[in-house]
Amino acid sequence: MNAVVQQYLATWNATGDERAALLSEHWSPTANYTDPMAEVSGHEGITAVVEAVQAQFPGFVFTQVGEVDAHHRQVRFRWGLGPEQAEPLVIGFDVLVLDESGRIQDVHGFLDKVPA
């Protein structure tokens with residue numbers, strides 16, 4: 001399940017055609033994404049959220065924080081967002097639910113640490 005998390009984080013760090021390819025390959029076309037700031041469905045909705053975060057935090061990258069925990073088709077993990085090679089300024093916790101083919105179907109996101 002570590003690969004799923006890496007593909008998920010890569011989607012958040014990618015732009016343009018690279019992000020579109022990651023969404024197409026690793027996310028269900030009907031994927032749902034929900035966190036305290038957004039609730040969207042489909043690749044277009046997810047793209048809009050990713051682009052908004054990238055615009056709000058230019059140059060920041062998403063990284064995995066700690067270990068991945070998984071069972072059945074569910075994966076939970078912590079992530080950080082901050083300058084590359086630096087301590088993350090934002091830390092969150094996500095739960096991914098995979099569809100029958102192993103693609104991301106649902107994301108349930110939580111924010112644990114957000115700068116003031």
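1. In this predicted model, Q74 stands opposite V97 in strand β5. Strands here are DSSP E runs of at least two residues and helices are H or I runs of at least four, numbered from the N terminus. Residues are numbered from 1 along each chain as its sequence is written. Local features need pLDDT of at least 70, side-chain atom pairs count only at pLDDT 80 or more, and totals for chains, interfaces and linings use all residues.

2. β4 and β5 (residues 90-98) pair in the antiparallel sense over eight bridges; two strands pair if DSSP finds at least two bridges between them. Their hairpin has six residues between the strands, and Q85 takes a positive phi near 65 degrees there.

3. On the other pairing of β4 (residues 74-83), nine bridges join this strand to β3 (residues 60-71), again antiparallel. T63 stands opposite G80 in β4. Two residues lie between β3 and β4 in their hairpin, where H72 in the turn has a positive phi of about 50 degrees.

4. Six strands form an open sheet of mixed pairing, in the order β2-β1-β6-β5-β4-β3. β2 (38-41) and β3 are the edge strands, each pairing on one side only.

5. Helix α1 packs on the sheet and touches β1 (27-35), β3, β4, β5 and β6 (104-113); contact means heavy atoms within 4.5 Å. T11 belongs to this helix (residues 2-13). T11 counts as buried because its relative accessibility is 1%, the limit being under 20% relative accessible area (1.4 Å probe, protein chains only). Beyond residues up to four places away in sequence, T11 touches R19, L22, L23, W27 and V50.

Terms used. Side-chain values use heavy atoms; hydrogens and water are left out. Buried means under 20% relative accessible area, exposed over 50%, partly exposed in between (1.4 Å probe, protein chains only). Axes are lines fitted to C-alpha atoms, for helices over the stretch in contact, and angles run from 0 to 180 degrees between N-to-C directions.
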